[in-house]
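User: I am new to this structure and would like to learn how to read its features one at a time. Please take me through them slowly.

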Amino acid sequence: MNHTAQSAISRVTHGLSPAALMGAWFDWATHMVAAPGKQLQLVEKAADKTWRQTRFAISCATTSNRSEPCITPLPQDNRFSDDAWQMKPFNMIYQGFLLQQQWWHNVVTGVPGVTAQHERELQFLTRQLLDMYSPSNFLPTNPEILRKTRDEA
């Protein structure tokens with residue numbers, strides 16, 4: 001029974017120990033509370049990203065051409081490379097996702113006092129969670145899948 005339970009937990013935590021994850025989270029949380037400069041930086045970054053998304057939305061709404069993206073995916077991220085992602089409303093969806101992904105990266109990195117190991121663990125966990133909720137993973141928010149479904153129907 002122990003092996004079965006540990007195996008199930010391992011699938012959810014991608015092989016990381018729940019105790020280790022809680023330790024990393026506790027390390028991050030206690031240092032974040034004591035880092036008003038980092039908290040202010042995150043508020044400023046959130047405001048900046050909101051403003052970037054707003055400007056992009058206005059640009060999309062006021063032009064019939066493709067608007068210049070407000071953020072580009074990382075070089076190894078090919079999820080949004082298809083031209084269909086540049087069409088409305090999918091361009092807004094993936095741009096918002098990338099801005100959120102970048103903000104969450106800032107949340108878990110650069111917190112003074114957090115050990116490098118805990119920071120790496122939180123980066124990994126955050127990336128995994130965000131990747132689960134990527135718009136490319138859901139039928140209504142993925143124009144490539146919608147197109148293929150329509151073409152095959």
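**Reading salt bridges and helix packing**

Analyst: Arg147 is partly exposed, because its relative accessible area is 28%, where buried means under 20%, exposed over 50% and partly exposed in between, with a 1.4 Å probe and protein chains only. This is a predicted model, in which local features need pLDDT of at least 70 and side-chain atom pairs count only at pLDDT 80 or more, while totals for chains, interfaces and linings use all residues. Residues are numbered from 1 along each chain as its sequence is written, and side-chain values use heavy atoms, with hydrogens and water left out.

User: With which residue does Arg147 form a salt bridge?

Analyst: A salt bridge is a side-chain nitrogen of Lys or Arg within 4 Å of a carboxyl oxygen of Asp or Glu. Here the partner of Arg147 is Asp82, with the closest N and O atoms 3.2 Å apart. This pair links distant parts of the chain, 65 residues apart, since Arg147 lies in helix H6 (residues 143-152) and Asp82 in the loop between H3 and helix H4 (90-108); helices are DSSP runs (H or I, at least four residues), numbered from the N terminus. Asp82 counts as partly exposed, at 22% relative accessibility.

User: How many salt bridges does a search of the whole structure find, and which residues are joined into one network?

Analyst: The search finds five, and salt bridges that share partners join Asp77, Arg79 and Asp131 into one network. Within it, Asp77 and Arg79 have their closest N and O atoms 2.8 Å apart; Asp77 is buried, with a relative accessible area of 14%, whereas Arg79, at 22%, counts as partly exposed.

User: How far apart in helix H3 are Asp48 and Arg52?

Analyst: Asp48 and Arg52 are four residues apart in helix H3 (residues 36-62), which means a separation of about one helical turn, and their side chains meet in a salt bridge (3.8 Å, N to O). Asp48 is partly exposed at 37% relative accessibility, while Arg52 is buried at 18%.

User: How should I read the packing of H2 and H5?

Analyst: Two packed helices are described by the angle between their axes and the distance between the axes. The axes are lines fitted to C-alpha atoms over the stretch in contact, and angles run from 0 to 180 degrees between N-to-C directions. Helix H2 (residues 18-33) and H5 pack at about 105 degrees, with their axes 9 Å apart, and are therefore roughly perpendicular to each other, a term for angles of 65 to 115 degrees.

Technical notes:
Helix = DSSP H or I, 4+ residues; strand = E, 2+ residues; numbered from the N terminus. Parallel < 35°, antiparallel > 145°, perpendicular 65-115°, else oblique.
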